[in-house]
Amino acid sequence: MRDQAFLDAKKIVDENYPDCDAALLAGSIVRGEGTETSDLDLVVFDFSIENGYRESFYSLNWPVEAFVHNKNSYNHFVEKDLKRARPSLPRMMTEGIPIKGSEYIHPLKEEAAELISKGPEPWDQNQIDLMRYGITDALEDLKGATNRAEAIFTVNLLADQIHEFYLRTNKQWIGHGKWVIRALRSYDEEFAKKYTRAFDQYYRTGEKDEIETIVENVLEPHGGLFFEGYSAGKKHL
C-alpha cells in the first residue's frame, strides 16, 4: 500500500500542484498504519502563493488532504501547533517522504524533529492549579451524577482533561481524537492501558471507581484534588 500510495501521491502533486516548490507524503500510510479509509496527507510548498490553505478532494481513488503553504504560513502553523502542544504539522514533516524539492524538505524535517524532541513549553503552577481545580470539579459532578446522559458527557470531559494533565505535567505532547491514546502510549504504555480500561469500564457498565482512582493518582504528585483555597483573579488590597 505504501509504495502505491507514494506513486499515486506523486501523480496527484504533478497534476494538482505542477508549479509547487516542494511536497511530501505523510500520514498513517507512511507510518505503516493505513486502513481502507486512510487518506493521502500531502504537505505542499508553493512560495508564490499569498496565503496558505487546506483542501480536500478525491483523486486516483484516494481521499486527499492537502496542506499548502508558503514560507510564512508554514512557520505560522508550526507556532500554533507548538502553543497548543499538538505538533501535527511538525509530526507530518518528520514522518513524511519527500515527493519533490528534497533540498528544501530535508532541513525542515531536521528542524521539526528537533522541535518535537524538545517537548512543549512546561506548565507553570497557575496552570497546574487551574487544571487540578477543573478536574476536581468534573470528578465531583461525575460522583454526584444521577442522569446517565449528563454523566456520559462529564466522563468525556474528564477523559480529555486527564490525558492533557498527565502528559503536560510530564512535558509531553498531547493528542486529539485517536491521537489521545497514541500520545499516551508513546509516553507510558502501562498508564495508557489503565486509562483505556477505566473509561471503557464506565462506558460498558457505568462503574466509576476506576476513573476516580486514575484521577486521584494523576493529581496526587501535584497536590491532589483541589477545591478549598483555589482563587483566580482576586485582587489583594
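**Pocket notes**

I sorted the lining of the largest pocket by class: twelve nonpolar, ten polar and 14 charged residues. Here Ala, Val, Leu, Ile, Met, Phe, Trp, Tyr, Cys and Pro count as nonpolar, Asp, Glu, Lys and Arg as charged, and the others, Gly among them, as polar.

I note that the model is predicted: local features need pLDDT of at least 70, side-chain atom pairs count only at pLDDT 80 or more, and totals for chains, interfaces and linings use all residues. Numbering runs from 1 along each chain as its sequence is written, and side-chain values use heavy atoms, without hydrogens and water.

I looked up the volume of the largest pocket: about 1000 Å³. A pocket is an open set of points on a 1 Å grid over the protein atoms alone, where a 1.4 Å probe fits, with protein on both sides within 12 Å along at least five of seven lines; lining residues have an atom within 4 Å of a point. Points join across faces, edges and corners, and volume is the space filled by probe spheres set on them.

I then checked the centre of the largest pocket. Of 36 lining residues, Arg84, Ser88, Leu89, Met92 and Trp179 lie nearest.

Next I took the second largest pocket, at about 230 Å³. Its 14 lining residues include Phe191, Lys194, Ile214, Asn217 and Val218, the closest to its centre. Helix H8 (189-205) and helix H9 (209-219) each give two or more residues to this lining. Helices are DSSP runs (H or I, at least four residues), numbered from the N terminus. H9 brings the largest share, five residues. By class I get six nonpolar, five polar and three charged.
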